[in-house]
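The entries follow the order in which I looked things up.

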Amino acid sequence: MTVVKDIFVQIRSINGKTYAVKHNEVFLLDGVGLEIWQLLDGQNTVMQISEKIAEKYNKSVNDITEDVIEFINELLEDKLIEIE
Amino acid sequence: MLEKVEEIFKHPEIILQHIPWVDIENSMIYIGGSVMEGFGNATSDIDVFVISSDDPTSEDINLSNEEQRFFEGMYSLVHNIIHEGIRYDFTYWNSDKVNHIKNSINNIDLNTDFQMVLNKGEIDFLHRLKYAKSIINHAEFSEFLKTINFDNLRYYIAVTESQAFAGTLEDLQGAFISKDYGTAFFRAKRLVEITFTALLALHGETNPNVKWLYRKLQRLSETTGDFNYFSKFMELQNSNFDPATVKIYIRECVKYCQEINIGIQEQLKTKQEV
């Protein structure tokens, strides 16, 4: 499964925090959240995203896949991304 | 043109003879603008800036017999003359106003979605100072430049362009959803300009005049040896409106600008965290 960003969602940094902004709605992204956001390019599958994040933070894929999926589901619910 | 400017630095009286009403000892007089920045061409004028505590009046300037124009510019007083075929633009800034601009940029709060505290003319004034060279009172002018945080100018432009990015993206989205692809097409081109203006500002290219966007990008590419941005900019700007492909073009523009914008926002965040 691959997911892509809604191209109209803008990333903004305000007061040292990063937000995804869609219309008048604002969603806070933490550091890992922004990294996952950047990997949602229609090329990486959810598993590949998990692998890249796991590698970067020196964790096992099994440990973080659930969190990645949960985060992606939140983005889907908020309609910030869509399944391709 | 550069030869003429060099001559001015050797012989400041070339300039000073045109402004007898200026208190030379208590003023800073310098050359700035495109010629100094390296963007000048055969028809460029020479921009002379005068910072003093006393503003000249139209009566002062009418003492001169040369062909000239005097008017109150949007942000400052401007006086033009043509001498030996070269146009000189004299711009007068009051010391108090200059101190206000300096304090504004030095104390800018980059942490929030701020109200703009500098107008376009003031940003242009600060940018031109970066490339300025004094023709008199060199030590004083050099000390003055050291008191300005030009680094903040880079970030200020990036933040203001980010705000413009948000507004343009919203317009673009509205047009796109409404299938007004003509409007969306031109908004997409504007989004590319805004994105590159912010990107270039963070790389130190702070000239706010959109006419120099190409030259700024060219200079950045030549300095870094990386022509990827340049190639993509040219590719996106060279696209013509085609109803058959316009949606693809718009999506490509937005996606590319969004990717660049993430990098811009990460740099701003780092600065905000300091």
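Entry 1, chain B overall. I counted secondary structure in chain B and found twelve helices and six strands. The model is predicted, and I keep that in mind throughout. I then looked up the extent of chain B: its C-alpha trace spans about 60 × 45 × 35 Å along its principal axes. Of the 274 residues in chain B, 32% are buried. I also checked contacts in chain B between residues at least 6 apart in sequence, and 66% of these join residues at least 24 apart.

Entry 2, domains of chain B. I looked up the division of chain B, which gives domain 1 as residues 2-148 and domain 2 as residues 152-273. The centres of these two domains of chain B, taken over C-alpha atoms, are separated by 30 Å. To the contact between them, domain 1 of chain B gives 15 residues and domain 2 of chain B gives 16.

Which elements give two or more residues to the side of domain 1 of chain B that touches domain 2 of chain B? I found α5 (95-106) and α6 (120-130) of chain B. The largest share of that side comes from α6(B), with six residues.

I turned to the contact between the chains, which takes twelve residues from chain A and 19 residues from chain B. On the chain A side, the elements giving two or more residues are β2 (10-14) and β3 (17-22) of chain A. I noted that β2(A) supplies the largest share of this side, five residues. By class, the chain A side has five nonpolar residues, six polar and one charged.

I traced an open sheet of three strands in chain A, in the order β2-β3-β4, with antiparallel pairing.

I looked at one pair in detail: β2(A) and β3(A) run antiparallel and are joined by five bridges. In this pairing A:Ile11 stands opposite A:Ala20 in β3(A). Last, I found helix α12 (residues 246-273) of chain B packing on the sheet, where this helix touches β2 and β3 of chain A. The direction of α12 of chain B makes about 10° with that of β2(A).

Conventions. Residues numbered from 1 in each chain as written. Chains lettered and ligands numbered in written order. Predicted model: local features only at pLDDT ≥ 70, side-chain atom pairs only at ≥ 80, totals over all residues. Domains from an automatic or database assignment. Contact = placed C-beta atoms within 7 Å. Helix = DSSP H or I, 4+ residues; strand = E, 2+ residues; numbered from the N terminus. Buried ≥ 20, exposed ≤ 12 C-beta atoms within 10 Å, placed from the backbone. Nonpolar A, V, L, I, M, F, W, Y, C, P; charged D, E, K, R; others polar. Pairing = 2+ DSSP bridges. Axes fitted to C-alpha atoms, helices over the stretch in contact; angles between N-to-C directions.
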